[in-house]
Amino acid sequence: MDQCTTSEIALFNAAKIFNEYAAKEGDSEHLSKNELKSLLKKEFPNLMQCSNDPAAIDQIMETLDQNQDKKVDFMEYSLMLITMTQVCKLVMDSCQKPNK
Ligand SMILES: [Ca+2]
């Protein structure tokens, strides 16, 4: 593979992180609630400051788990990344807004 761009590396890393955390417990194709909690806490400490709150983790899990099988598959994780990317854009835009 030719040298990857920053954007390509970001996407590869997003997929790699899912695989790493999903492999920690039995089912390597899904994130359990514990794996999700660990992933949010270690990989997104600034975006997900609520990751130490069990009620917040329950709520996030419930929101992400669209097919309600009590685990997060790659598609559900991908939707979380899209939402987080939208939050990043909002934060970035609000920080760059010129003072009037
Ligand atoms: Ca699920």
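**Helix α1 and its surroundings**

Author: Start with helix α1, residues 6-22. Its 17 residues reach 24 Å from the first C-alpha to the last, close to the 24 Å expected at 1.5 Å a residue. This is a predicted model, where local features need pLDDT of at least 70, side-chain atom pairs count only at pLDDT 80 or more, and totals for chains, interfaces and linings use all residues. Residues are numbered from 1 along each chain as its sequence is written.

Reader: What makes 24 Å the expected span of α1?

Author: The expected span is 1.5 Å times one less than the number of residues. For the 17 residues of α1, that gives the 24 Å expected. A helix here is a DSSP run of H or I with at least four residues, and a strand is a run of E with at least two; both are numbered from the N terminus.

Reader: Which residues of α1 are buried?

Author: Phe18, Tyr21 and Ala22. Buried means that 20 or more other C-beta atoms lie within 10 Å of the residue's own; exposed means 12 or fewer, partly exposed is in between, and C-beta atoms are placed from the backbone.

Reader: Why are the buried residues of α1 said to line one face?

Author: Look down the axis of α1. The buried residues fall within an arc of 110°, so they line one face of the helix. The arc is taken over the directions from the helix axis to the C-beta atoms. The face turned away carries exposed residues, among them Thr6, Phe12 and Lys16.

Reader: What covers the buried residues of α1?

Author: The cover includes α2 (33-43) and α4.

Reader: What makes Gln68 exposed?

Author: Gln68 has 7 other C-beta atoms within 10 Å. The cut-off for exposed is 12 or fewer, so Gln68 counts as exposed. Gln68 lies in the loop between α3 (54-64) and α4 (74-96).

Reader: And why is Lys70 called exposed?

Author: Lys70 has 11 C-beta neighbours inside 10 Å, so Lys70 also meets that cut-off. Lys70 is found in the loop between α3 and α4.

Reader: How many helices and strands does the protein chain have?

Author: There are 4 helices and 0 strands. From the N terminus on, the elements run α-α-α-α. Of the 100 residues, 17% count as buried.

Terms used: Two residues are in contact if their C-beta atoms, placed from the backbone, lie within 7 Å.
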